[in-house]
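Okay, thanks everyone, let's get going.

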Amino acid sequence: MPELKLDGVSKSFPTRREPLVVLRNISLELQSGQNLAIVGPSGSGKSTLLHLMGTLDTPTEGTITLCGENPFTLDEPQLAHFRNRRIGFVFQEHHLLPQLSALENVLIPSLAEGAPDDAMISRARTLLERVGLSERLEHRPAELSGGERQRVGIARALIHTPSLLLADEPTGNLDRTAARGITELLVQLQQQEETILVVVTHSVELANGLQRRMALDNGNLCEA
Ligand code: ADP
Ligand code: MG
């Protein structure tokens, strides 16, 4: 059974005139351990598609299943729990909390389920070591470089061992060297954790670091 399955997914947004159709009849299957880059120019619907995969928005038509479950049948608290447990997000902006240390930031997703236990704190430390920040556990975001902040963001996304890791322009704010490091790290951790990784980007260099590339063109998803 595919871990992530999109079946005939379309998305349109209502406007005062006819609806704005952003995604058309998209079908896709991915298994654990697979990674995919989705490329396309600005405005082609990359973030919209990632939001649907991440259950942050609902498809207008079609179905999405993750690990055999259709998350859109869940009520809001169940969906929040599902998302928090199954899906990790890495954004262009790191969205770290400025007053918290790197270690505390990595633990944020676990706070939804009460104070983190020793195992969770140990997982956070291990992840920060694996992203190369063992010497930066107590640094606050302002005391880290852009690439280091994004590494904290990746560790945070992996804290609950998600089935699906989603990244939206994760290297968009970085210079080329830092961008290359983040791309390699995303793929390396995705392989070690045997999760699915979907990255949306307009960067050809980032996309070339992944196993498979697809492109959004006029709302259609095609092999690239
Ligand atoms: P990309 O990430 O590829 O730059 P987006 O997915 O953000 O593109 O946006 C695709 C198109 O959908 C754009 O034309 C954008 O204006 C439109 N769009 C995105 N979100 C909404 C929304 N919530 N309501 C209306 N239109 C939207
Ligand atoms: Mg976008």
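This is a predicted model: local features need pLDDT of at least 70, side-chain atom pairs count only at pLDDT 80 or more; totals for chains, interfaces and linings use all residues.

Residues are numbered from 1 along each chain as its sequence is written, chains are lettered from A and ligands numbered from 1 in the order in which they are written, and side-chain values use heavy atoms, with hydrogens and water left out.

Ligand site first. What surrounds ligand 1? The shell is F13, L20, V22, P41, S42, G43, S44, G45, K46, S47 and T48, where near means that a heavy atom of the residue lies within 4 Å. Helix α1 (46–53) gives the largest share of that shell, three residues, and β2 (20–30) also supplies at least two. Helices here are DSSP runs of H or I with at least four residues, strands are E runs of at least two, and both are numbered from the N terminus.

Now the polar contacts, meaning N or O pairs within 3.5 Å; within protein, one atom must be able to donate a hydrogen and the other to accept it, and sequence neighbours count only if both atoms are side-chain atoms. K46 has a polar side-chain atom 2.9 Å from an oxygen of ligand 1, and S47 has one at 2.9 Å from a ligand oxygen too. With S44 it's a backbone N or O atom, 3.2 Å from an oxygen of ligand 1. On its own, ligand 1 has 560 Å² of accessible area, and the protein covers 56% of that; areas are Shrake-Rupley with a 1.4 Å probe, and for residues only the protein chains shown count as cover.

Let's stay with S44, in the loop between β3 and α1. Buried or exposed? It has 11% relative accessibility, so S44 counts as buried; the cut-offs are under 20% for buried, over 50% for exposed, and partly exposed in between. Its side chain reaches the backbone oxygen of P41 at 2.6 Å. Leaving out residues up to four places away in sequence, S44 touches V22 and L216, with contact meaning heavy atoms within 4.5 Å.

Next, the cores: sets of buried Ala, Val, Leu, Ile, Met, Phe, Trp, Tyr and Cys joined through side-chain atoms within 4.5 Å. The largest has 37 residues, and L128, V152, I154 and L186 touch the most other members. Its largest share, six residues, comes from α6. I154 touches V90, I182, L185, L186 and L189, again skipping residues up to four places away. A second, separate core has 29 residues, including L50, V198, V200 and L221.

There's one aromatic pair by the ring rule, which wants centres within 6.5 Å and calls planes under 30 degrees apart stacked, over 60 edge-to-face and the rest tilted. F89 and F91 have ring centres 5.8 Å apart and planes at 5°, so they're stacked. F89 is buried at 15%, while F91 is partly exposed at 27%.

Over to α2 (76–86): L79, F82, R83 and N84 are buried there. Their cover includes β4, β5 and α3. At the start of α2, a side-chain oxygen of D75 comes within 3.0 Å of the backbone nitrogen of Q78.

Last bit, backbone angles. Most residues other than glycine have a negative phi. H95 has phi near 55°, a positive value, and E169 is positive too, near 50°. H95 is in the loop between β5 and α3; E169 is in the one between β6 and α6, and counts as buried at 9%.

Methods
Buried means under 20% relative accessible area, exposed over 50%, partly exposed in between (1.4 Å probe, protein chains only). Rings of Phe, Tyr and Trp (its six-membered ring) pair if their centres lie within 6.5 Å; planes under 30 degrees apart count as stacked, over 60 as edge-to-face and the rest as tilted.
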